[in-house]
Amino acid sequence: MRWPRTLASRLALIFLTGLVLAYGLSFGLQFYERYVSSRSMMLNNLEQDVATSVAILERLPANERAAWLPRLQRQNYRYQLSEGLSGQAMASEDPPMAAESIVKAIGQDYRLTFQEIPGPIAHFQAHLRLADGAPLTIDVTPAGVPLAKWLPVVLLIQLAVLLGCTWLAVRLAIRPLTRLARAVDDLDPDKPGPQLDESGPREVRYAAVAFNALQARIAAYLKERMQLLAAISHDLQTPITRMKLRVEVMDDGLEKDKLWSDLSAMEHLVREGVAYARSMDSSTEAPCRIKLDAFLDSLVFDYQDSGAKVERLGATDVTLHTRPHALRRVLVNLVDNALKFAGAAQLEVEHTGNGTLIRVLDEGPGIPADELAEVLKPFYRVEGSRNRSTGGTGLGLAIAQQLTQAMGGQLTLSNRAGGGLCAQIELR
C-alpha cells in the first residue's frame with residue numbers, strides 16, 4: 001500500500017484511521033456488554049419459562065396437554081409430546097448455554113438427556129418424562145442476540161459524521177498552508193504581490209508575518225539595487241561627456257576614431273542602465289485610455305518614414321487603459337531587436353476574450369529554446385548572432401520585460417515554426 005502523496009490525504013488518512021479505530025473499539029465494547037447482558041437475560045427467561053411450562057404440562061390432564069403446546073411455544077424453543085428426533089448424544093465437555101439453563105431449571109426434578117440434531121439448521125433436543133410417564137421433548141434452536149434494526153443506520157450516520165469532521169479538520173489545517181504555498185508560487189521580485197492575511201491561529205499568523213516580512217525585504221533589496229544602478233549610470237554620464245569633448249579636440253586619426261567609438265558604446269550602455277533602473281518604477285507614468293489601432297499605426301508610420309521595413313498585420317477596435325509611453329518603449333525595443341537581427345519586422349495585433357495580444361514577428365535566426373527565458377534577464381546575451389559585436393547591451397529585452405510587468409501584462413518569447421522569433425505582449 002502506497003503512502004499518499006499529498007499532505008491533505010495523509011492527514012485525512014491518519015485522522016480517519018484513528019477516529020475509526022477509537023470508534024470501533026468503543027462500539028465493540030458497548031456491543032459486547034450489551035451482548036452479555038442480553039444473553040444473561042435470555043438465559044434467565046429460558047430457565048423461568050421452561051420451569052413454568054413443564055409445571056403446567058405436569059398438572060394438565062394428558063388429553064389437554066396438546067392444546068397448550070402452541071401457547072407455550074417460543075421463537076427459539078418449542079415443546080413436543082413425543083420422543084423427538086434421533087440424533088447424536090451431546091458431548092458433556094462443552095454444552096450450549098441453553099442446555100445448562102434447562103438443567104438448572106428442571107434438572108433436579110427430571111432425568112434429562114440431550115441430543116444434537118444434524119441438518120440445515122443445527123439444534124438440539126432435551127428429552128424427559130413427566131410424572132405419568134408421558135414423554136416430553138424440548139426442541140431448542142440456538143440463536144444469536146437479536147440486533148436492533150436501527151443500529152446499522154446509526155452506525156452509518158456516525159461514520160458519516162466522522163468523515164465530515166475529518167474533512168473539515170483537514171481543510172482547516174491545510175488551508176493556511178495552501179494559501180502560503182500559492183503566495184510563494186506567485187512571489188515575483190519584479191512584481192510584489194498582495195500581503196498574506198495575518199489572522200488565524202498563532203502558527204498561521206506567525207508564518208504569514210514572516211512571509212510578508214520576507215516579501216518586503218526582497219522588494220527593499222531590489223529597490224536599493226536599482227537605485228544604485230541608476231545612480232552609477234547617471235553619474236557616469238558626466239565624465240563620459242567630458243571625455244568625448246576632449247576627444248573632439250584631438251587630431252584626426254585612427255586612435256581618435258577608436259576612442260570615440262568606445263565612448264559612444266559606453267554612453268549607450270549607461271543610458272540603457274538608467275532606462276532599466278527607471279523601468280522598475282511603475283509609478284512614473286499615469287495610465288490613460290488609448291485607441292490601440294491608431295497607436296500602433298503611428299508607431300509603424302514612424303518606422304516606415306525612416307526607411308525601416310515594418311509592416312502592420314491585423315486590426316482590433318479596442319480601447320486600452322495603459323501607460324502609452326511605457327508601451328511604446330516596449331514595442332520600440334522589440335521592433336528594433338527584430339530589425340537588428342532580421343532586417344524587417346511585422347507588428348500583429350489580436351483581441352481575445354482574455355485580453356489583447358500584440359506580437360512582433362521577424363524572420364531572423366531566432367533564439368535557442370533553452371535560452372528564451374534567459375534573454376529576458378538583464379545583461380544576458382545569446383552567443384552567436386546575438387552577441388556584443390552587434391552592439392547590444394543585453395538590456396533591451398529586460399527593459400521590455402520590466403515595463404510590460406509594470407503595465408500588468410506579460411511578455412513571452414517563442415521561435416516561429418518557419419524560422420524567426422515571436423515576441424508576444426499580452427495585455428488585459
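Q: At what angle do helix α7 and helix α8 pack in this predicted model, and is α7 parallel or oblique to α8?
A: This is a predicted model, in which local features need pLDDT of at least 70, side-chain atom pairs count only at pLDDT 80 or more, and totals for chains, interfaces and linings use all residues. Residues are numbered from 1 along each chain as its sequence is written, and side-chain values use heavy atoms, with hydrogens and water left out. The axes of α7 (residues 292-305) and α8 (residues 324-342) lie 11 Å apart, at an angle of about 40°. Angles under 35 degrees count as roughly parallel, over 145 as roughly antiparallel, 65 to 115 as roughly perpendicular and the rest as oblique, so α7 is oblique to α8.

Q: Which residues of α8 does α7 meet, and how does the contact divide into nonpolar, polar and charged residues?
A: Contact means heavy atoms within 4.5 Å. From α7, the residues F295, L296, S298, L299, D302 and Y303 meet P324, L327, R328, L331, V332, V335, D336 and L339 of α8. The residues of this contact divide into 10 nonpolar, 1 polar and 3 charged.

Q: In what order do the 5 strands of the open sheet stand, and which are the edge strands?
A: Strands are DSSP runs of E with at least two residues, and helices are runs of H or I with at least four, numbered from the N terminus. Two strands pair if DSSP finds at least two bridges between them. The pairing in this open sheet is antiparallel, in the order β1-β5-β4-β3-β2. Each edge strand pairs on one side only, and these strands are β1 (77-80) and β2 (88-89).

Q: What is the bridge partner of T113 in β4?
A: Strand β3 (residues 113-117) and strand β4 (residues 123-129) pair in the antiparallel sense over 5 bridges. In β4, T113 has as its bridge partner H127.

Notes:
Axes fitted to C-alpha atoms, helices over the stretch in contact; angles between N-to-C directions. Nonpolar A, V, L, I, M, F, W, Y, C, P; charged D, E, K, R; others polar.
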